[in-house]
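Please keep the sequence and the model in view while reading.

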Amino acid sequence: MSQNTMNLKVKVWRQKNANTVGAFVTYDVASISDEMSFLEMLDILNERLITEGGDPVAFDHDCREGICGMCSLYINGKPHGPWQANTTCQLHMRAFKDGETIVIEPWRANSFPIVKDLTVDRSAFDRIIQAGGYISVNTGNAVDGNSLPIEKQNADDAFAAAMCIGCGACVAACKNSSAMLFLSAKVSHLALLPQGAPERKSRVLNMVAQMDKEGFGSCTNTGACEATCPKEISIANIARLNKEYLGASLSAE
Amino acid sequence: MLDSKIPAGKLDDKWVDYKGHCKLVNPANKRKMEVIIVGTGLAGASAAAAMGELGYKVKAFCFQDSPRRAHSIAAQGGINAAKNYQNDGDSVFRLFYDTIKGGDYRAREANVHRLAEVSANIIDQCVAQGVPFAREYGGLLSNRSFGGTQVQRTFYAAGQTGQQLLIGAYQALERQVALGNVTMHARHEMLDIVKIDGKARGIIARNLITGELEKHFGHAVLICSGGYGNVFYLSTNAMGSNVTAAWKAHKQGAYFANPCFTQIHPTCIPVSGDHQSKLTLMSESLRNDGRIWVPKNLGETRKANEIPEADRDYYLERRYPAFGNLVPRDVASRAAKERCDAGYGVGTSKQAVYLDYAAAIERYGKIEVSKQGLSNISHEAIVALGKDVVKEKYGNLFDMYAKITGENPYEVPMRIYPAVHYTMGGLWVDYELQTTVPGLYALGEANFSDHGANRLGASALMQGLADGYFVAPYTVGNNLADEIYNAAIPTTHPAFEEAAKKVADRIASLKNINGKQSAESFHKRLGKIIWNECGMSRNATGLKQAIADVQALRKEFWSDVRIPGEINEYNPELDKANRVADFIELGELMCIDALTREESCGGHFREEYQTPEGEALRDDENFMFVSAWENKGDHDWTLHKEELKYDVIKPSQRNYK
């Protein structure tokens with residue numbers, strides 16, 4: 001593999017905490033290999049800032065293999081950067097050209113308050129799950145795994161929805177800061193499986209109520225969420241969510 | 001001598017008898033008992049959910065922003081269970097046998113048998129929670145094979161099995177949060193165990209957002225904080241995975257067992273340069289269908305696709321015809337290293353071997369042709385059909401490879417090399433998963449108990465969930481039954497104050513060093529020392545040097561680390577420095593353990609002890625024991641041994657030929 005190196009500028013959002021005003025700061029980063037990941041480029045910037053006695057840029061990250069959902073970042077105006085179906089941690093510097101200026105911002109949504117710099121608080125997602133994103137089955141209650149065959153198509157569709165990593169890119173991409181794609185992925189995952197049937201109605205009603213309470217906006221079907229979702233969660237899940245919600249609202253007492 | 005408290009009786013009956021006779025806590029008393037759980041991966045989340053369901057007051061802690069992020073989420077391939085759905089001869093005994101053999105006869109029979117027994121319940125529980133396992137067209141669960149076994153017992157959800165299982169456990173956990181049985185403390189790091197009258201009675205945790213130190217009481221404390229693979233800096237672990245919680249437990253009296261037993265996974269994407277921050281695993285499931293090879297000729301310059309069959313060395317198939325590409329991980333890793341060290345490696349670094357899917361793509365293509373009743377099909381069309389099948393099975397892994405390397409693995413063979421992946425060693429626990437500190441337990445990868453010197457693929461998920469859902473709720477309950485007369489101790493107790501002060505002092509002294517080098521740079525240097533001398537192969541000279549080097553590094557760290565920012569704020573660099581300090585101490589113990597174990601077994605390969613064919617040479621006469629280390633002070637450990645008795649299985653040299 002041939003390695004190319006480049007010199008770049010990064011324009012990063014710096015904000016001490018939720019109560020202070022933030023601003024962009026531009027840094028030069030030199031000798032960046034195109035084989036590096038995007039976060040490794042930020043590591044190099046931070047290493048330099050620390051050595052120089054500065055304050056390193058705070059950003060969330062953990063698994064660095066695209067599955068934990070911890071990394072975020074709005075890169076050049078797109079959540080998780082320019083690549084399709086990708087998380088920031090899997091974005092590599094091949095995506096950029098020598099001399100380029102890269103703009104890096106945090107997720108911007110009222111329901112995701114800033115912790116510091118590029119780190120935001122996404123605990124609203126956990127509270128939406130608490131409102132009903134589960135099947136109530138205590139440990140030890142289960143019957144044999146093969147006692148209930150599930151049509152392969154339904155199982156596959158449920159899996160496709162369950163692939164959501166809870167990163168919040170859908171909210172960040174949406175002009176309304178709507179969490180409908182996230183919510184619909186969970187509702188679909190559980191509604192498509194027979195195990196999820198008993199709580200189907202209360203689940204969708206309670207989860208939507210919690211989403212509203214958290215202050216996420218409404219869905220106006222722009223499709224920005226689907227276009228940026230690193231796991232390519234389909235917007236068809238939102239249609240299913242609407243159907244579930246309508247059905248539950250009409251038949252609930 | 002260590003008492004592992006293994007119940008009497010026949011191996012098959014031990015767990016049943018234990019459950020039948022262990023003490024219980026009545027529901028009204030459960031509501032008064034507080035349980036602290038540190039870590040929310042498969043072990044921690046499942047334990048928190050299960051204990052919450054039982055009615056205990058649970059407090060769970062994780063350093064990530066949500067319990068759903070724990071690194072169990074990254075497990076790809078699958079989870080084993082002795083269901084025998086495939087009618088291919090699987091049974092509880094075989095899963096037990098394979099695990100003991102795979103662990104190179106350094107695991108405890110009773111624990112492993114229990115693991116095999118509860119394996120089937122795990123699948124049932126997960127299906128009931130809505131985990132979308134892969135299914136056949138008939139609607140039933142699908143299985144695949146994994147290394148070190150000859151049956152198909154691995155359940156999976158594409159290449160995201162860990163994610164799906166963790167989301168299942170996370171949802172069960174969040175349900176208990178909603179019901180008020182579990183209080184979740186995300187972005188918190190445990191920084192010490194509080195002991196009162198010799199028992200674990202709580203923890204000191206740092207709120208990572210505010211930097212505040214918090215005191216939390218628990219009648220019992222469960223460490224479910226995962227493994228310590230990040231001691232190597234480069235590993236397949238998440239960036240935040242750390243040994244801190246387990247290490248604090250160790251410093252408070254919990255013995256640390258077999259620290260040198262670390263697993264180097266054979267199929268990872270090779271290192272590309274000094275900037276590298278982590279390594280990415282390519283699931284072992286790829287060895288089901290892929291063939292591993294290197295060129296036969298030294299100095300081969302042709303591209304992989306241009307090298308004809310006759311000039312390829314499928315070295316695993318050559319050396320191990322019975323298991324071929326599906327030999328256990330330690331064997332496959334060493335074989336790759338052997339070829340690369342001999343000069344046959346590929347890629348620019350020459351530290352890689354090929355994992356080739358061409359044969360599998362063609363085979364699957366032909367199956368599709370006959371399935372669909374097609375005739376007169378061109379080779380290209382067969383390959384196209386085959387690619388679709390491979391895409392469905394392994395698509396996400398292939399995509400990941402393409403993103404990282406910029407190469408298309410459907411067209412050219414992948415380049416892979418071994419990387420640190422899992423740690424079999426961990427806190428020493430007895431049959432009840434209790435450490436040597438009463439009231440302090442360790443579950444999942446954080447303990448040492450089930451995988452001996454080498455873990456088989458798809459067994460980590462199984463163990464995490466077994467411990468959390470099906471073992472701890474009984475064994476912790478058995479001990480909590482004696483605690484019902486003890487009311488919760490207020491955190492104003494002097495023991496809490498002292499522990500909090502100790503933690504605060506340590507943080508202050510770290511911060512006040514005000515040196516020149518970042519915590520990250522020390523971590524990288526530590527990783528290099530440990531990888532070079534205590535990695536895939538080890539020898540006495542190297543290990544002695546490594547111990548001296550790690551000691552010197554520790555000194556340098558404590559005199560020159562620089563932590564920017566303040567103590568009482570969100571400060572990831574401070575978190576990192578705290579963790580690196582612990583990794584350095586652990587690194588020394590790992591090398592000491594590797595030095596004193598004068599044999600080769602599983603992932604621990606001492607160059608001085610090998611067979612003429614270069615296979616690991618075990619020494620059962622002198623080393624059939626668990627090394628459990630007691631910390632006595634700085635650089636000072638005492639070795640305690642737990643003899644391993646094999647009543648059912650007769651240890652033999654592992655043979656995968």
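In this model, 65 residues of chain A are in contact with 64 residues of chain B. The model is predicted, and the values that follow are computed from it. On the side of chain A that touches chain B, the elements giving two or more residues are α1 (38–51), β6 (114–116), α2 (123–130), α3 (152–162) and α5 (180–191) of chain A. Of these, α1(A) supplies the largest share, 7 residues. Sorted by class, the side of chain A that touches chain B holds 28 nonpolar, 21 polar and 16 charged residues.

Chain A itself is assigned two domains, domain 1 (5–115) and domain 2 (123–251). Their centres, taken over C-alpha atoms, are separated by 29 Å. Across the boundary, 18 residues of domain 1 of chain A are in contact with 16 residues of domain 2 of chain A. The side of domain 1 of chain A that touches domain 2 of chain A consists of 8 nonpolar, 8 polar and 2 charged residues.

One residue of chain A deserves attention for its backbone. Most residues other than glycine have a negative phi. Asp117(A), however, has a positive phi, near 45°. Asp117(A) sits in the loop between β6 and β7 (119–120) of chain A. Is this residue, Asp117(A), buried or exposed? Asp117(A) is buried, because 24 other C-beta atoms lie within 10 Å, and the criterion for burial is 20 or more.

The description now turns to chain B, which contains 18 helices and 19 strands. Its radius of gyration is 24 Å, close to the 26 Å that the globule rule gives for 657 residues, so chain B is as compact as a globular protein of that length. The C-alpha trace of chain B spans about 80 × 55 × 50 Å along its principal axes. Of the 657 residues in chain B, 60% are buried. Among contacts in chain B with a separation of 6 or more, 73% join residues 24 or more positions apart.

Chain B is also divided into domains, namely domain 1 (265–420) and domain 2 (500–624). The C-alpha centres of domain 1 of chain B and domain 2 of chain B lie 33 Å apart. Here 6 residues of domain 1 of chain B are in contact with 5 residues of domain 2 of chain B. Which helix gives the largest share of the side of domain 1 of chain B that touches domain 2 of chain B? Helix α10 (residues 329–341) of chain B does, with 5 residues. By class, this side of domain 1 of chain B comprises 1 nonpolar, 1 polar and 4 charged residues.

Helix α5 (residues 109–129) of chain B has 21 residues, and the distance from its first C-alpha to its last is 30 Å, close to the 30 Å expected at 1.5 Å a residue. At Val118(B), α5(B) bends by about 35°. This helix, α5(B), is mostly covered, with 16 of its 21 residues buried. Just after α5(B) comes Gly130(B), which takes a positive phi of about 95°.

The other helix is α17 (residues 572–596) of chain B, whose 25 residues should span 36 Å at 1.5 Å a residue; its end C-alpha atoms are 36 Å apart, in agreement with that value. Because 22 of its 25 residues are buried, α17(B) is largely enclosed by the rest of the structure.

Finally, two loop residues of chain B may be considered. Gly77(B) lies in the loop between β2 (57–61) and β3 (79–80) of chain B. Gly77(B) counts as buried because it has 28 C-beta neighbours inside 10 Å. Apart from its neighbours within four places in sequence, Gly77(B) is in contact with several residues, including Phe146(B), Tyr156(B), Glu284(B) and Gly457(B). Gly77(B) and Ser521(B), by contrast, are 444 residues apart in sequence and 33 Å apart in space, C-alpha to C-alpha.

Leu433(B) is not a glycine, yet it has a positive phi of about 65°. With 26 C-beta neighbours inside 10 Å, Leu433(B) counts as buried.

Conventions:
Residues are numbered from 1 along each chain as its sequence is written. Chains are lettered from A and ligands numbered from 1 in the order in which they are written. This is a predicted model: local features need pLDDT of at least 70, side-chain atom pairs count only at pLDDT 80 or more; totals for chains, interfaces and linings use all residues. Helices (H or I, at least four residues) and strands (E, at least two) are DSSP runs, numbered from the N terminus. The radius of gyration is taken over C-alpha atoms; the globule rule is 2.2 Å times the number of residues to the power 0.38. A residue is buried if 20 or more other C-beta atoms lie within 10 Å of its own, exposed if 12 or fewer, and partly exposed in between; C-beta atoms are placed from the backbone. Two residues are in contact if their C-beta atoms, placed from the backbone, lie within 7 Å. Domain bounds come from an automatic or database domain assignment. Ala, Val, Leu, Ile, Met, Phe, Trp, Tyr, Cys and Pro count as nonpolar, Asp, Glu, Lys and Arg as charged, and the others, Gly among them, as polar. The expected span of a helix is 1.5 Å times one less than its number of residues. The bend at a residue is the angle between axes fitted to the seven residues ending there and the seven starting there.
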